[in-house]
Every structure is written in C-alpha cells, then in structure tokens.
Amino acid sequence: MITGMDRLAAAVRGEKSDRIPVFCNLLDQGARELGISLREYYSKGAHVAEGQLTMREKYGYDNVWSLFYVGKEAELLGCREILYATDGPPNVADFVIKDYDDIANLEIPDDISASPAFSEERECLRILRAEVGGTYPICAYITAPMALPAILMGMDKWMELLFLGPADVRDALLDKCREFFVKEMRAYRDAGADVLLYSNPFGSTDIVPMKFFSEKALPWIEKDIEAVGSQGVVYYCGGARFNKVIDVVLEKTGIGVYYLSPLDDIASAKEIIAGRGLTCGVINDIPLIDWSRDEIRDEVRRLIDAGMPGGKFLFGTLVMPLAIPEQNIRTMLEAAYEFGSYGRDAG
Amino acid sequence: MTDEITIEETIKGYNEAIFDTDRDRALEVVHEALASGMTPEDIVFKVVLPAMDQMIKAISEAFDTNLAQHYMTAQIADSVVTEMIPKFKQAPEVAGRVVIGSAEGDLHSLGKRIVIGCLRARMIEVTDLGVNVSPARFVDEAVAHGASVIGVSAMMVHTARGPNGSLGVRRILKERGLEDRIKIIVGGAPYRYDHELYKTVGADAWAEDGVTAGGVIAGLAEEVPT
C-alpha cells in the first residue's frame, strides 16, 4: 500500500507515485469528529491526536498535524489566557509582553520538551508517531523568530518596535525569540515531527518591502536555518505571497520546500524553483465555504494543471475554516486525488 | 533663513520616505519644508494626503506595496497631521465621523490602527472601540458619536462571517431603522481571500487594506446625509 510518506518522498525526489501528495490542514474540525467542544478538544493531546488520525483516515489525505492552535507557542512562553470560540480557532487573549520591561523578563525554557506547557503536544506527538510515524508525515508549526513577537505582544506593537525601535529592545527580543525557536525546533524533531513549517510573514514582500527583506529579514532567516538545519523545513509566510524571494531564500538557506500563498502564481513559482525543491500549490480555502461542486473541481484542476507538470509538486490547503461543509472538503480532496493522479497521464 | 524648498521636492522626498518605511526621513522632510516657509495646511493637504492617495493608486494598479508601508504611511500621516493641525490658521472642518473596532471574538488590532491613522489624517473624527466589540456596542457608539460609518475589522473567518460581526451590526441597524444613516465597511484577511464576502456579511463596502479603507470610508462618510 502506498502511504503519504511514500508520496511525499517520491515528490521530493521528483519521481512519480500513484498521485501527487495532498496535504489537508484540518485542525478545529477534529473537535467536531470527536463530538466535543474546542476547549475540551484542545485540553488533551490525546484528543488532538485522535482527531487528526480519524480525519486522515476518513478523508484519505497524506498528512497529520501536531499543531493545536498558533497561540500554543505563546503559552510555552507564559501566556495564561486563551479566548475560545465555538466556531473558530482559539486566540491569545493576554499578551505576555505588555511593555518593554517585559522583554527583559521574558524567560525561555531550558528544555521545551520538559516544559509542562508542552506536555499535551508531546503526548499528541507520541500517539501520532506510534500510529502513523514513518507512514504519514507528521507536521509541526513553528513560528519564525521575527514573527513570534506578534503573538507575544500583538502585531501592531511588534510592527512599531520592529520598524521604529528602540533597536536595542527589538534586538533583545529577537535574540530571545531565536533562542526559543532553536529549542522548539529541537523539541519537535525529538518528538517525531517530520515536516516543520517555518512560518514567517516577514519573509513575504506582501508584508515588508524588498529592501527590508534583503537587509533585515533575509539575514535573520539565514541565521535561523543555519542554527537548525534545513532538513524537513518548509518555507511558509502565513498565506502571504513570496514568489519574489524564493530564489534567494533557496540559494541562501537550502530550504527545499515552498508552501505558497493561494495568491501566488504556481507556474511562476515552479519556474523559479526549477527542480531545486518541492513546490506546494495552495488552494484559497476561504471561498470553499460557498463554492459549488463545479467551482471546487475547476479550481483544484486549475492549480494542479499549473503545478503538476514536471513533478516535484504537492497540493495543499491553507487554514481550512471550520465553516467549510464536509461535502466541500470531500469534493476538493476527491478532485485533488483525481486530477493529481499519475494514472491520468495514461488515461 | 533656510533655502526655499519647492513643494515638488517635499512631495518627492516624503513619498520616497514613505515607500522606504523611513519615518525619521519623512519627518525630516516635513520639518525642513516647514522651516523653509511651507504652511502647515500645504504640508497636510498637498503632501501628506496626496501621498496616501498615491499609495492607494499604487495598490490599485498592483504596484508593489506591502503591509509595512501601509502601517508606516498611516503612522507617519497621523503624527504629521497631529503636529500640524494646532499650527493651522483656522481649525479644519471635521470631514465625517466614524466608529471602528474589531468584531466580537476578534482580538487583532493592526488593520484597525492603520485605518484610524489614515482617517485622522483626512480630518475624519474616529472613535476607536478597541477589540472584541459586540454588534450592539458598535451601533450604540455610532449613534452616540453621530457617526455615519461603522468599521468592523475581522482577521478570522468565524469572526468575519459569524452572527456577532458585521451581520449582527446589520441586523441591529435594520431593527432600529438606521440603515439610511449609518453605513458598514468591513476589512481584514478573510475579505482579501474572498472579494464577495462583504456582501455575505451585509456590509456596504470593503477594502483590501488599511490605507485604501481610509479612502473608501471618507467616500462613504460623504455619501451619508448628516
């Protein structure tokens, strides 16, 4: 039986499997599968693991997630208040950094694996590794040091500090975030995560000017990757576009997987990557809530037709809002399996 | 006496600083112009506001602009206008009144902050309701402040589409017979990925980014009879 890992490995090598790998990022939907509230679901790593395994089995896609919600990283750094919703992801409700003095006091745990705030993620990863380790890629979400302050102090306060200074305070925070990032990456790798999504909106020219990217963001990205190695790392900018920087990122960091924005041009990304890495074409999954069956199929086909020729291509989703009807998830995935099949070449 | 600086030089220098997200340089250009004899009114109406409009034009023509530039455009415009207004010969007329906040359940505030900076620079009186704002509070505050536009920011799909965001504001405006007097504008990430979503949530308008929102809201404020 061909597994998700087989498909991913084949795509990375530029070889054909039965079909292209298909990654579907269902998170909150796990609570619905288990018939429990989001708050209860996310309180236990065992629930999250069960939700991930159940959904992968049910829909047949190729990955599972150890990610609970993005604010979890803030909890590892002292956040104690999360705002839960009934119809969407939990959010950080209390910023760890309220003023610049808090930056000096921010403590990075010595060993994240041993941190109590990591215990449920560790349990989730233990179960995922036991159940699908080596057969289905286990994904982890790791916020880049330059983006992490956004969940520690709020994006607007971080933009203010990043662009307007004071520089020494900004650099002190970035250094702490780098230290956390390196330890977090180690913790996820040790716990069995194979695919490490390096999430950095500041690596996108939708977020920062090219001048800032070249002079500030890129050197930080280079240092980040130099510190942890590029093995399993996926370049991702939180849904923002980054075609314009792929070439230089690839050259400077050796990152081999690029998880595009739904707004990026896939064919152009493939041309830039030119066989040096895996291109992940991402569907704009917000309109999936309302699209008809035909609209979904047309869009999936358009993306796969743009990315599949020449191989080294993965079809993926972005955040998959909870409001997407189950039928539309199925329609999207069935279309991805159908149009992404290598048997289609022969047919 | 400082050498005279032409308005064209000031506009060029200010615009370049904005596009480079260089606040210090932008403020330097403004202060040099002021020292050379340019009036505070000209600095606001012939330099700062046209720079915002130029940014909007660049965005609409798919020229490269980005969130950092939008943020800096708003922050710089807001601080320059705040500094210049007390120096005006006559206090400027209020061009409209707006209340703005993030939808209930939404704690994101960056987009809202950009919009507020741009609106203040346009002489629009803005009441910032903060984050996690209920539909009833949006409407109550709009009525209390005589606002003709309610801005509802939402960065997540569930807060954009849910009953306690723009949809809730629309419901209350309808129930209270205020739809002719108060318009709704929405913004935030979900709208960038689905350009028809603003209709689904009962809004009158949407904007792709904070700087554009400033212009759209100013237009809406002018449309609504006071």
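Student: Which residues in H10(A) are buried?

Tutor: This is a predicted model, and in it Leu173(A), Leu174(A), Lys176(A), Cys177(A), Phe180(A), Phe181(A), Glu184(A), Met185(A), Ala187(A) and Tyr188(A) of H10(A) are buried. As a general idea, an α-helix has 3.6 residues a turn, so residues three or four places apart point the same way. Read the numbers of the buried residues with that in mind.

Student: What covers the buried residues of H10(A)?

Tutor: The cover includes helix H6 (101-105), strand E5 (138-143), helix H8 (149-153), strand E6 (195-199) and H11 of chain A.

Student: How many residues does helix H10 of chain A have, and what should they span?

Tutor: Count 1.5 Å a residue: the 24 residues of H10(A), 167-190, should span 34 Å, and the end C-alpha atoms are 34 Å apart, which agrees. Just after H10(A), Gly192(A) takes a positive phi of about 110 degrees.

Student: How do I read a pair of helices? At what angle do the axes of H14 and H15 of chain A cross?

Tutor: Look at distance, angle and handedness in turn. The axes of H14 (residues 293-307) and H15 (residues 326-339) of chain A come within 9 Å and cross at roughly 35 degrees. The crossing of H14(A) past H15(A) is right-handed.

Student: Which residues of H14(A) and H15(A) meet?

Tutor: From H14(A) there are Arg293(A), Ile296(A), Arg297(A), Val300(A), Arg301(A) and Ile304(A); they meet Asn328(A), Thr331(A), Met332(A), Ala335(A), Ala336(A) and Phe339(A) of H15(A). The residues of this contact divide into seven nonpolar, two polar and three charged.

Student: Now the whole chain. How many helices and strands does chain A have?

Tutor: Chain A has 16 helices and 10 strands. Its radius of gyration is 19 Å, close to the 20 Å that the globule rule gives for 347 residues, so chain A is as compact as a globular protein of that length. Along the principal axes, the C-alpha trace spans about 65 × 45 × 35 Å. Of the 347 residues, 54% count as buried.

Student: How many residues of chain A are in contact with chain B?

Tutor: In general, the size of an interface is often given as the accessible area lost when the parts come together. Here we count residues instead: 27 of chain A are in contact with 25 of chain B. On the chain A side, the elements giving two or more residues are helix H9 (155-164) and helix H11 (210-228). H9(A) gives the most, with five residues. That side of chain A divides into 18 nonpolar, five polar and four charged residues.

Technical notes:
Residues numbered from 1 in each chain as written. Chains lettered and ligands numbered in written order. Predicted model: local features only at pLDDT ≥ 70, side-chain atom pairs only at ≥ 80, totals over all residues. Contact = placed C-beta atoms within 7 Å. Helix = DSSP H or I, 4+ residues; strand = E, 2+ residues; numbered from the N terminus. Nonpolar A, V, L, I, M, F, W, Y, C, P; charged D, E, K, R; others polar. Axes fitted to C-alpha atoms, helices over the stretch in contact; angles between N-to-C directions. Left-handed = near helix turned anticlockwise from the far one by under 90°. Expected span 1.5 Å × (residues − 1). Buried ≥ 20, exposed ≤ 12 C-beta atoms within 10 Å, placed from the backbone. Rg over C-alpha atoms; globule rule 2.2 N^0.38 Å.
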